[in-house]
Number of protein chains: 2
Amino acid sequence: MKLQDYFAEKKVLVENHMKTLIDSYEDIPKISEAMNYSLMAGGKRLRPILALMTCELFEGNAEDVLPFACAIEMIHTYSLIHDDLPAMDNDDYRRGKPTSHKIFGEGFAILAGDALLNKAFEVMLEAVMKNPSEGRIKAAAYISKASGVEGMIGGQCIDLYYENREADIEILNKMHEKKTGALIKAPLIAGAFIAGAAEDDIIRIEEFGQLIGMAFQISDDILDVEGSLDKLGKNTGSDANNNKSTFVSLYGLDKSKELAKSTVEQAQNIISLYGNRGLLLKELSNYIIERDV
Amino acid sequence: MKLQDYFAEKKVLVENHMKTLIDSYEDIPKISEAMNYSLMAGGKRLRPILALMTCELFEGNAEDVLPFACAIEMIHTYSLIHDDLPAMDNDDYRRGKPTSHKIFGEGFAILAGDALLNKAFEVMLEAVMKNPSEGRIKAAAYISKASGVEGMIGGQCIDLYYENREADIEILNKMHEKKTGALIKAPLIAGAFIAGAAEDDIIRIEEFGQLIGMAFQISDDILDVEGSLDKLGKNTGSDANNNKSTFVSLYGLDKSKELAKSTVEQAQNIISLYGNRGLLLKELSNYIIERDV
């Protein structure tokens with residue numbers, strides 16, 4: 001199957017499953033609407049699809065990984081809602097639509113983020129209750145670390161702290177590894193755990209995830225300079241406006257592109273071991289740096 | 001043992017365990033400080049102590065319940081940090097100290113809250129990894145529901161929505177049941193699950209928790225009118241300033257006090273079944289409405 005078709009098919013699968021996870025909560029004002037507004041804002045569903053890919057690579061069952069895949073998308077979505085708040089990045093647009101606080105007010109945007117983070121754990125723990133397999137428990141625990149202060153939240157802290165401070169390349173790398181890399185790596189590992197992959201495979205997938213997470217961030221910085229509001233659905237150049245250090249501001253555009261390319265090549269070398277079974281993940285690695293959104 | 005001595009002893013146990021759960025995260029700016037600032041601000045540790053009490057009631061092991069007890073305290077603390085934000089209740093003081101956003105700024109207060117919520121699940125999932133017993137899994141899943149949109153967060157949504165709207169008694173009750181009651185009930189149930197309590201006991205404890213949760217909120221509203229900044233460590237009368245409906249504004253002071261008393265009596269009737277083993281929980285029910293903070 002071509003990557004494009006795979007994405008189209010799995011995006012529907014993931015979105016349909018997510019719809020079953022958020023009730024209408026009729027006795028609670030505004031929250032269902034606010035949660036769905038951001039969750040259904042039409043992302044690529046890259047993270048859940050990564051979980052489905054490694055689960056298939058190790059011959060697991062897609063049904064089993066789906067709750068965890070959707071949980072990661074909820075965590076990713078909450079992080080965007082909180083990141084966009086006036087006290088954080090202060091962004092008015094996300095994916096071509098006004099950000100959550102612009103629609104629902106700051107208070108409800110904070111609560112919608114909290115609700116999505118919490119819901120992610122509700123969903124995973126429900127799946128663990130149904131079948132307390134080692135793979136499911138390990139996946140939930142791994143995701144919890146990846147989204148926490150040692151992972152994504154830690155990256156947001158570094159990002160916020162250095163908004164008006166000079167950050168060197170070491171700090172920049174650490175920030176991205178945590179803020180973006182952790183939630184790229186987590187679905188890959190979660191899918192592998194749930195499929196019952198061997199320890200060697202987990203180590204390999206972790207390394208692969210590390211590399212494509214970095215490539216993803218470099219290409220994000222490039223897109224922030226080269227993209228347009230039309231394609232990205234958000235104001236470009238916002239990093240520069242916020243005085244943020246980026247790969248592009250540190251290395252320049254050409255060197256950043258080279259770095260992205262060589263990082264993806266390293267990732268592809270790792271996945272080569274799996275021969276044909278790894279073709280989709282290889283294709284995906286190219287997509288990471290060739291995408292225009 | 002007297003309730004006062006029990007509280008003093010278990011408070012130390014809980015706080016010492018919490019200290020082991022938050023690292024210094026030396027490569028992440030400010031976050032450890034912000035998490036600890038609110039977590040170690042000297043609360044009564046009522047919620048973790050409730051978990052320890054029911055765990056003991058059903059002859060469970062305190063060591064087993066401790067991670068879950070501390071996780072609930074982290075969830076409670078994060079909810080206070082986010083509740084105090086300018087976009088929510090806009091409070092400058094909590095427990096006699098400036099609120100998180102006053103010290104660390106709004107961005108870091110949001111992140112410290114997120115980090116504590118996430119950490120709570122990290123801690124519980126680590127405990128589940130170590131020993132995936134049915135009781136632990138059920139406790140974690142129950143806590144996740146109680147803190148989510150059907151529980152505490154849902155209560156915050158109702159609270160925020162009705163800040164400048166007239167709320168009737170039905171809405172007020174629902175708000176309190178979710179915002180405060182859910183996280184009073186959850187530790188009681190978690191302790192019972194982990195101790196392996198029978199289904200009948202769980203139902204009884206749930207009812208008991210429902211009642212003391214309500215009594216707790218009524219007495220909170222009374223304290224908001226009668227307490228002083230000195231004792232409560234926060235500005236009193238803040239509900240009235242925020243135009244909030246409370247039990248006192250709806251029923252008056254005397255009827256609210258009567259209601260609190262009769263609710264506690266109902267709770268004590270339930271726990272009477274356990275004879276001497278339930279004495280501490282009975283004493284605690286009195287404390288709930290007799291406390292001055």
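Mentor: Before we start, a term: a residue is buried if 20 or more other C-beta atoms lie within 10 Å of its own, exposed if 12 or fewer, and partly exposed in between, with C-beta atoms placed from the backbone. Also, this is a predicted model: local features need pLDDT of at least 70, side-chain atom pairs count only at pLDDT 80 or more, and totals for chains, interfaces and linings use all residues. Residues are numbered from 1 along each chain as its sequence is written, while chains are lettered from A and ligands numbered from 1 in the order in which they are written.

Trainee: OK. T180(B), buried or exposed?

Mentor: Buried, because T180(B) has 20 C-beta neighbours inside 10 Å.

Trainee: Where does T180(B) lie?

Mentor: In helix α9 of chain B, residues 169-194. Helices here are DSSP runs of H or I with at least four residues, numbered from the N terminus.

Trainee: And which residues is T180(B) in contact with, leaving aside neighbours within four places in sequence?

Mentor: G155(B), G213(B), F216(B) and Q217(B). Contact means C-beta atoms, placed from the backbone, within 7 Å. For G155(B), 25 residues from T180(B) along the chain, the C-alpha separation is 7.7 Å.

Trainee: Switching to V123(B). Buried or exposed?

Mentor: V123(B) is buried, since 22 other C-beta atoms lie within 10 Å. Its place is in helix α6 of chain B, residues 106-130. Beyond four places in sequence, V123(B) contacts L21(B), P67(B), C70(B) and A71(B).

Trainee: How is α7(B) packed against α9(B)?

Mentor: Their axes are 8 Å apart, at an angle of about 175 degrees. Axes are lines fitted to C-alpha atoms, for helices over the stretch in contact, and angles run from 0 to 180 degrees between N-to-C directions. So α7(B) is roughly antiparallel to α9(B). The cut-offs: under 35 degrees is roughly parallel, over 145 roughly antiparallel, 65 to 115 roughly perpendicular, the rest oblique.

Trainee: What classes of residue make that contact of α7(B) with α9(B)?

Mentor: 11 nonpolar, two polar and three charged. Nonpolar covers Ala, Val, Leu, Ile, Met, Phe, Trp, Tyr, Cys and Pro; charged covers Asp, Glu, Lys and Arg; the others, Gly among them, are polar.

Trainee: Now chain A. What about α4(A) and α7(A)?

Mentor: Those axes come within 11 Å and cross at roughly 10 degrees. The two helices are therefore roughly parallel. F68(A), A71(A), I72(A) and I75(A) of α4(A) meet A139(A), I143(A) and S147(A) of α7(A). Six of these residues are nonpolar, one is polar and none is charged.

Trainee: Which residues touch the most other members of the largest nonpolar core?

Mentor: F68(A) and F68(B), in a core of 188 residues. A nonpolar core is a set of buried Ala, Val, Leu, Ile, Met, Phe, Trp, Tyr and Cys residues joined through C-beta atoms within 7 Å. Contacts of F68(A) beyond four places in sequence include M124(A), A190(A) and I194(A).

Trainee: How many residues of each chain meet at the interface?

Mentor: 43 of chain A contact 43 of chain B. On the chain A side, α6(A) supplies the largest share, 16 residues. That side divides into 26 nonpolar, eight polar and nine charged.

Conventions: Two residues are in contact if their C-beta atoms, placed from the backbone, lie within 7 Å.
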